[in-house]
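Subject: Structure for your review

Dear colleague,

Please find below the structure that I am handing over to you. My notes on it follow.

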Amino acid sequence: MADKVTRVHDQFHAQVVSCHGRHHFVRDESGKLYEARRRGKKGDVVVGDEVLCSAVYDNTAAIDAINERSSLIFRQDEWRTKTLASNIDSLVIVYASHPRFNPWFVWKALLAAHAAGVRPVIIRNKTDITEGAEDAERFLESLKTLGYETHALSAERADKETLTELDNIFNNHRSLLVGQSGMGKSTILNLLVNDANAKTQAYSEALNLGRQTTTVTTLYDLDRAPGFVIDSPGFQEFGLAHLKASDVIAAMPDIASHTGGCRFANCRHLKEPGCSVKEAVEAGQISLERYEFYCAVIASLDKQPSW
Ligand SMILES: Nc1nc2c(ncn2[C@@H]2O[C@H](COP(=O)(O)OP(=O)(O)OP(=O)(O)O)[C@@H](O)[C@H]2O)c(=O)[nH]1
Ligand SMILES: [Mg+2]
Ligand SMILES: [Zn+2]
């Protein structure tokens, strides 16, 4: 009896595989799942976190401590910045021609990836849909020209070639899938993780949630190689307010390559005279939409501006 009590209170290492409010699921090193609460109600747990837990009952645990994170991605809702996932090395951004995609979402995701120090990958999904395909393809080309890793595929018609392409993107990586709702993130997930649907349902049922679109950010081990993938619900905004203006410029190669000739060393490339960025916009070397995006992001930063 005494032995059992000691074991129950032993601490163990685990990884957070899904979060909904204060409810978390953590997985220990043998793969066993626990429903877990953060000790002290701190509200600071995020999917991907490596944590130290103690068992409370057989299937429930308390999260005592969170290990230092190698990366952290933020999202933003109407009111405040929230964490989205941690300890990833790749941010896989999915968009498609239907429903209509918003280029600013992809550009903001690229800023978030840069700020977190992770590899950005862009997937144009639903290549089988012809409506809007030209726009979607042109956008992909523009991202490729900026130097990003880009892929075009159809997750609905997954053939061997598509699976190989997905394996090349995800295998041996720790990835977070992001994109607006309906772009096909969960469909891609299901090609990487065979029983993802069943797992998602199990989590949702345990938490009494709906089952259609993704409601909970969840981590899955890859089927065919080491690594994991985190599926997230479609959301509107990344949390970028904590970035510095210099971070934004560094993450926009088309803007950064024209900052050398400005009259003022501390030029913000907004209203200053003699600005080589604005000259490049006027000459058509930087697209007007990208420049407008730049101005909007700078205006949204918390710290105005540290140059
Ligand atoms: N035609 C076509 N439809 C696709 C493709 N990939 C996904 N879909 C469909 O698009 C719809 C949305 O796909 P999901 O994978 O649920 O999208 P999601 O990005 O996970 O959406 P949220 O969970 O709401 O964020 C589903 O009806 C899919 O069957 C594709 O390559 N081609
Ligand atoms: Mg989904
Ligand atoms: Zn300038």
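How many residues of domain 2 are in contact with residues of domain 3? In this predicted model, eight residues of domain 2 make contact with eight residues of domain 3. On the domain 2 side, the residues that touch domain 3 comprise six nonpolar and two polar ones, with no charged residue. The C-alpha centres of domain 2 and domain 3 are 29 Å apart. For orientation, the domain assignment places domain 1 at 2-66, domain 2 at 72-238 and domain 3 at 245-300.

Strands 1, 4 and 5

Strand 1 (residues 11-20) and strand 4 (residues 50-55) run antiparallel and are joined by five bridges. Within this pairing, Phe12 has Cys53 of strand 4 as its bridge partner. Strand 4 also pairs with strand 5 (residues 60-66), again in the antiparallel sense and over five bridges. Here the bridge partner of Ala55 is Ala61 in strand 5. Strand 4 and strand 5 make up a hairpin, and four residues lie between them.

The sheet of strands 7, 6 and 14

An open sheet is formed by three strands in the order 7-6-14, with antiparallel pairing. Strand 7 (81-86) and strand 14 (237-238) each have a single partner strand and stand at the edges, so one side of each has no neighbour in the sheet. Helix 2 (residues 103-116) packs on this sheet and touches strand 6 and strand 14. The direction of helix 2 makes about 145 degrees with that of strand 6.

Strand 6 (residues 72-76) pairs with strand 7 in the antiparallel sense, over five bridges. A hairpin through four residues joins strand 6 to strand 7. Arg75 stands opposite Lys82 in strand 7, and Ile73 has Ala85 in strand 7 as its bridge partner.

The surroundings of ligand 1

Ligand 1 is surrounded by 19 residues, of which the closest are Glu156, Gly184, Thr213, Thr214 and Gly234. By class, the shell around ligand 1 consists of four nonpolar, eleven polar and four charged residues. Which element gives the most to this shell? That element is helix 5 (residues 185-192), with three residues.

Thr187

Helix 5 contains Thr187. Apart from residues up to four places away in sequence, Thr187 touches Ala155 and Glu156. Glu156 is also one of the residues closest to ligand 1. Why does Thr187 count as partly exposed? Thr187 has 15 other C-beta atoms within 10 Å, and a residue is called buried at 20 or more such atoms and exposed at 12 or fewer, so a count in between makes it partly exposed. Thr187 and Thr127 are 60 residues apart in sequence, and their C-alpha atoms lie 14 Å apart in space.

With kind regards

Key. Residues numbered from 1 in each chain as written. Chains lettered and ligands numbered in written order. Predicted model: local features only at pLDDT ≥ 70, side-chain atom pairs only at ≥ 80, totals over all residues. Domains from an automatic or database assignment. Contact = placed C-beta atoms within 7 Å. Nonpolar A, V, L, I, M, F, W, Y, C, P; charged D, E, K, R; others polar. Near = placed C-beta within 6 Å. Helix = DSSP H or I, 4+ residues; strand = E, 2+ residues; numbered from the N terminus. Pairing = 2+ DSSP bridges. Axes fitted to C-alpha atoms, helices over the stretch in contact; angles between N-to-C directions.
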